[in-house]
Amino acid sequence: MTIKLNEQVGGLSYGFMSRAQYARLALWGAALLAGALVSVIIVWPEFAAKFNHEGGPIETVSAAGLFVAGLSALWRYRGVTRAYIGLTCLLLAERELEADIYSEGSLPFAILHGLDVFLDIVWVRVALILLVLGGAIWHGIPTGWRAFKQRNLSLIVFVAAGCAAVTAQLLEEFVGLYSGALSDLMQVRLFVLEETLEMFFSIGILASVLIGWPKTQSNGTPHDQDSRAIADIR
């Protein structure tokens, strides 16, 4: 029985280390890819600008990442306190695309314009604010604190995505304040970099949702846990 127990523990440890190494490699790969993309933008901003127009590939990827993150959160999570995550992602995805970039009368224009009109209703805004803030207070903050203490991977990715969003907003404010002192090439470079960082934010939120938040520790005495372990071995 001792040999079998050691084999099971070794197998679990090996599987855990394999998942941890895989996650670490994935994060390093994503960081290197993001760094390479930023380098291309800095060196060839005019080429990268072709992909950053309204409704272009970069903006589409950003909206798609947030949309998939919202659907994934609604599917994986349960309860009103967790539904705010999916709702927030879906609202961000809707705001990422503008109805004006599509021809009037087309299906995308009708959908986005209808959502804009619906979200402009006062009671809808109040209900959404209450749901999002309530979820953040009752679920987001306690869960985030627990994730911080456990060094959960989803929190690390979420923080990195938030830093990308903050940096993008700062770049937008900087360009708006000093546009007269910046050359055309520098304005293009900063604009493309801002849009790319927003795409990193969307992809980071999607990755954080897919990784998931830490689960609540199961209640039970050490004796009960030992009894379940012995029963599993048998």
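Mentor: Let's start with a term: buried means under 20% relative accessible area, exposed over 50%, and partly exposed in between, using a 1.4 Å probe and protein chains only. This is a predicted model, where local features need pLDDT of at least 70, side-chain atom pairs count only at pLDDT 80 or more, and totals for chains, interfaces and linings use all residues. Residues are numbered from 1 along each chain as its sequence is written, and side-chain values use heavy atoms, leaving out hydrogens and water.

Trainee: Why is C163 called partly exposed?

Mentor: Its relative accessible area is 45%.

Trainee: How many disulfides does the structure hold?

Mentor: There are 0. A disulfide is a pair of cysteine sulfur atoms within 2.5 Å.

Trainee: Why is V43 called exposed?

Mentor: V43, found in helix α1, has a relative accessible area of 52%. Exposed means over 50%, so V43 qualifies. Helices here are DSSP runs (H or I, at least four residues), numbered from the N terminus.

Trainee: What is the mean pLDDT of the chain?

Mentor: It's 78, and 81% of the residues reach 70 or more. pLDDT is the predictor's confidence in each residue, from 0 to 100, and contact means heavy atoms within 4.5 Å. Where pLDDT is low, the predicted coordinates should not be read in detail.

Notes: Helix = DSSP H or I, 4+ residues; strand = E, 2+ residues; numbered from the N terminus.
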